[in-house]
Amino acid sequence: MSTHTPAPPGLFKGFAAVIRRDVLLAWKRPGDVLNPLFFFAMVSTLFPLAVGPSTEQLQLSGPGVVWVAALLATLLSLNSLFLSDFEDGSLDQLLLSPQPLPLMALGKAIAHWLITGLPLVLVSPLIAVTFQMDSAAISVMMATLAFGTVSLSLLGSVGAALTVGLHRGTALLSLLILPLSMPILIFGARTVALAASGDAVAAGVYFLAAYCMLALTLAPFATAAALRISNE
Amino acid sequence: MWKWFHKLASPPHFYALSAKMIPWFFVPGIVLIAYGSWTGLFVAPADYQQGDAFRIIYVHVPAAYLSMMAYMIMAISAGIGLIWRIKLSHAVAAAAAPLGAWFTFLALMTGSIWGRPMWGTWWEWGDPRLTSELIMLFLYFGYMALRAAIDDTGKADKASAVLALVGAVNIPIIHFSVEWWSSLHQGATIVREGGPAMPPEMLIPLLANIFGFTLVFGALLLGRVRTEVLFRERRKRWVRDVVLPAGAEA
């Protein structure tokens, strides 16, 4: 930094700017937000068509189906997390910025959640109703999806940072992130299934909340390290 | 102590030293496996519940143990390589991954074969250890796929090291979550091994095989690291000296 440049914006200002920019970009291109949602709805539709319309079966498979669909939809959107920034050079600016890179990476992940995770949580009751879930199970499902999609955005940001700029990035990203995301899927889907059968759900929800906190604290550092390595 | 460490990390020195070390791992390892397998298969008494079918334990448990051991070696050496920028330790991580994947596959396969007479099925989703071994195999696949996708060796080393470390943080969580998940639907068919403590005539061959497998694994790992080092340093003079006979022109 040469001496005549103005003082860089503060930590929080830079962090907020990253989030604001990504959300604004998504707002201008609504397709980016809508595509994962349509994908989510369509994957959920595949299952009743494949296994048959009996109420009993739908109630049994509903929690798992909604969770698998949410996981795949999030995964689908992760590829673009750093891709456009990488292509137009704004990722280089992010790497050069005076703000700590882990904070910027956290901002990117949070923006990704606001764009894909949050709409997904809000749309999920519509899907759940078609699977004959009751309102108690639906509220538990929304809670687990909220914690789970935040964790997925953070975990996925590590994978997206590792694969940015690689050919065959999408398939590779799924291969890297899917095994790591299995605890989220297990606790998410099983907790909703427990809620649907009227059992206690606290353990699963607490676990997902704890996983979410762990991801919030650790993942940005791994993402930052991965971004530096991919952009050497 | 540090001087010794730095000397070990130099590829030519490692290459020379490992050639002498491999027989010290390989020969005792083979002897232990021969003893353990013979005693385990023919001398040890049959299990009071499982009969002779339990004897697959003498392959299954060492393989399962090494599948995790290999991941630890991989993650720790990847971390060392990332932090202290020691190239040799990246080579160790790269060499450990396919070995680990093979032992994971071996553990899965023997577990499945064991499951057939015991549970009446080749695959039992209710058993947490089978499921977490399967996820382990996927983790190895992801690691190797990332390595294969990046052309530049230095970059592949660092990127896959980050992945190995993220995986290492996640493995305990995966194991715990799979345990929790399978405890929800108690499979009535599952026969838990262990139960009453193993008598020594069964345990000693098992320990012999575990140590034997570990030693042979060490020998295989050293061998793989040697070829990895040769490949990575292929433009260096010392490799030319090692590979070409004295006096030959390159």
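Author: In helix H3 of chain A, the residues Pro63(A), Val66(A), Ala70(A), Leu71(A), Thr74(A), Leu75(A) and Leu78(A) meet a set in helix H7 of chain A made up of Met141(A), Leu145(A), Thr149(A), Leu152(A), Ser153(A), Gly156(A), Gly159(A) and Ala160(A). Two residues are in contact here if their C-beta atoms, placed from the backbone, lie within 7 Å. By class, the residues of this contact comprise 10 nonpolar, five polar and no charged; Ala, Val, Leu, Ile, Met, Phe, Trp, Tyr, Cys and Pro count as nonpolar, Asp, Glu, Lys and Arg as charged, and the others, Gly among them, as polar.

The model is a predicted one, in which local features need pLDDT of at least 70 and side-chain atom pairs count only at pLDDT 80 or more, while totals for chains, interfaces and linings use all residues. Residues are numbered from 1 along each chain as its sequence is written, and chains are lettered from A and ligands numbered from 1 in the order in which they are written.

Two packed helices are described by the angle between their axes and the distance between the axes. H3(A) covers residues 55-78 and H7(A) residues 135-163; their axes lie 10 Å apart, at an angle of about 30 degrees. Axes are lines fitted to C-alpha atoms, for helices over the stretch in contact, with angles running from 0 to 180 degrees between N-to-C directions. Helices (H or I, at least four residues) and strands (E, at least two) are DSSP runs, numbered from the N terminus. The two helices are therefore roughly parallel to each other, given that angles under 35 degrees count as roughly parallel, over 145 as roughly antiparallel, 65 to 115 as roughly perpendicular and the rest as oblique. The crossing of H3(A) and H7(A) is right-handed, a term used if the near helix is turned clockwise from the far one by less than a right angle, and left-handed if anticlockwise.

Gln132(A) is not a glycine, although its phi is positive, about 60 degrees. With 15 other C-beta atoms within 10 Å, Gln132(A) is partly exposed; a residue is buried if 20 or more other C-beta atoms lie within 10 Å of its own, exposed if 12 or fewer, and partly exposed in between.

Thr223(A), in helix H9 (residues 202-230) of chain A, has 30 C-beta neighbours inside 10 Å and so counts as buried. Apart from neighbours within four places in sequence, Thr223(A) is in contact with Ala105(A), Ser157(A), Val158(A) and Ala161(A). Its C-alpha atom is separated by 12 Å from that of Leu81(A), 142 residues apart along the chain.

Val162(B) leads across to the other chain: beyond residues up to four places away in sequence, it touches Leu162(A), Ala222(A), Ala225(A), Ala226(A) and Ile229(A). Altogether, 22 residues of chain A are in contact with 24 residues of chain B. On the side of chain B, helix H5 (128-149) and helix H6 (153-184) are the elements that give two or more residues, and H6(B) provides the largest share, 15 residues. That side has 18 nonpolar, four polar and two charged residues.

Chain B itself has eight helices and zero strands, and 38% of its 250 residues count as buried. Among the residues that make the contact are Tyr58(B) and Tyr65(B) of H3(B) and Phe213(B) and Phe217(B) of H7(B). The contact divides into 11 nonpolar, two polar and no charged residues.
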